[in-house]
Amino acid sequence: MPKKLILPFLCLLYFVNYLDRVNIGFAGPNGMSDELQLSATVFGFASGVFFIGYLLLEVPSNLALHKFGARRWIARIMVSWGIIATAMAFVPNGTVLIVLRFLLGVAEAGFFPGIILYLTYWYPQKERARIVALFMVAVPISTALGATFSGLLIQWTDWRTMFLVEGLPAIALAFVVWFWLPDKPEDAVDEPVTEEWPLKKALTHPRILALSFVYFGIVYGLYTLGFFLPTIIKGLAPEAGIVERGLINAIPYVLGAVAMVLWARHGDRTGERKWHVAAPMLLGGVAIPFALHLENPVAAMVAVSVCAIGVCAALPTFWALPTSFLGGTAAAGGIALINSLGNVSGFVAPYVTGTLRDLTGTQKTGLWVVGITMVVAAVVALVQRAGTEKV
């Protein structure tokens, strides 16, 4: 596969990956919760239990990718998650749903950090935020287009068919990965890092744990929006149809996609990293709690859109921080650990938000927790050392 096609192809893979991860958010308010008799707490737990399996196997999976090569390991991951994603179409009750969501996390473990590691082989540090942004733009695009596509599938068929149709592409694309994706370029980027960290240090150093918390804060906002925005929009616009709600759901993510690329380019151009992570987190953290305190639906969507812009803008620049001082096996382990611990918020966010909704009867308390978490994580980002400083 030519180098110019590598990044677009990886974007396609991440599009499918992220859609299969969050499409439960579209199924829940459109028939699944009613048919399976799921409370908001159970729905939140089923949404978030994915990340428990993800956490357990993220580091060993990424080390395996580093050892066996991207082509084989990414193909293996995709076949596994594709099979489980399609099996979601046949869940008979909440218990089986929870088990399959857990197994989906086990299957997907290592995919995202593996791609981040893979990109370091192809692109130098000075371009990395922009390249990661172009890769991660698949997140808002998959949510924007996925909301409309999922809405149409549910309207034309049902939520079960949606899971089936959206799970099959992962299996098909795995064969493309196996036969055409190169493990590394012949002139793989091998930039010197500040010091050569051993794997043990990369898995235990306080700096890595602090960065994990920063990522936790970013992802907390991302998954709260991903899992609960369709439900929030249904409450704001109960008269809208499934497709109309899907189009409304797309608005914050389209804006977030544009902000993601432009902000990352600015970060690469200036070379500044910490404020490029913290500033959008502060913006999103302040905006999200006010979304449901605004009675006007348009004003509430503006607040939600501002939060989405903040979350999306922070994501790619964040990954320029750990890749600036980690290399080799330490990079494989460190990136995976940051991603796995950060993605614990993928379990915490929907479960806490759903539980607080059941306890209080409103989404407001849960969204205040999201905002506070993002603000605290932004402060932690600001006190981090620059990548060129010795630890």
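**Entry 1: ground rules.** I noted before anything else that this is a predicted model, in which local features need pLDDT of at least 70 and side-chain atom pairs count only at pLDDT 80 or more, while totals for chains, interfaces and linings use all residues. I also noted that residues are numbered from 1 along each chain as its sequence is written, and that side-chain values use heavy atoms, with hydrogens and water left out.

**Entry 2: the whole chain.** I looked up the secondary structure and found 19 helices and 0 strands, where helices (H or I, at least four residues) and strands (E, at least two) are DSSP runs numbered from the N terminus. The radius of gyration is 20 Å, close to the 21 Å that the globule rule gives for 391 residues, so the chain is as compact as a globular protein of that length. For this, the radius is taken over C-alpha atoms, and the rule is 2.2 Å times the number of residues to the power 0.38. The C-alpha atoms fill a box of roughly 55 × 40 × 35 Å along the principal axes.

I then looked up burial, and found that buried residues make up 59% of the 391 residues; buried means under 20% relative accessible area, exposed over 50%, and partly exposed in between, with a 1.4 Å probe and protein chains only. Contact means heavy atoms within 4.5 Å, and among contacts between residues at least 6 apart in sequence, 85% join residues at least 24 apart.

I looked up charges as well: there are 26 positive and 22 negative side chains, and the centres of the two sets lie 6 Å apart. Here Lys and Arg count as positive and Asp and Glu as negative, with His and the chain ends not counted, and the place of a charge is NZ of Lys, CZ of Arg, CG of Asp or CD of Glu.

**Entry 3: cysteines.** How many disulfides does a search of the whole structure find? It finds 0, a disulfide being a pair of cysteine sulfur atoms within 2.5 Å. Cys11 is in no disulfide, and the nearest cysteine sulfur, that of Cys312, is 14 Å away. The sulfur of Cys307 is 9.0 Å from the closest cysteine sulfur, in Cys312, which is too far for a bond. I noted that Cys11 counts as buried at 15% relative accessibility, and that Cys307 counts as buried at 0%.

Entry 4: I found Pro316 in helix H16, residues 297-318, where it counts as buried at 0% relative accessibility. Leaving aside neighbours within four places in sequence, Pro316 is in contact with Ala129, Val132, Ala133, Met136, Met260 and Ala264. I therefore looked at helix H9 (residues 128-136), where 7 of the 9 residues are buried, so this helix is largely enclosed by the rest of the structure. Its buried residues include Ala129, Val132, Ala133 and Met136.

Entry 5: Phe50 is placed in helix H5, residues 50-68, and is buried with a relative accessible area of 0%. Not counting residues up to four places away in sequence, Phe50 touches Arg21, Arg101, Phe102, Leu104, Gly105 and Glu108. Ser61 is placed in helix H5 too and counts as buried at 5%; with the sequence neighbours up to four places away not counted, Ser61 touches Trp73, Arg76, Ile77, Ala109 and Gly110.

**Entry 6: two loop residues.** Gln37, found in the loop between helix H3 (32-36) and helix H4 (40-48), counts as exposed at 71%. Gln37 has a positive phi of about 55° although it is not a glycine. I wrote beside this that most residues other than glycine have a negative phi.
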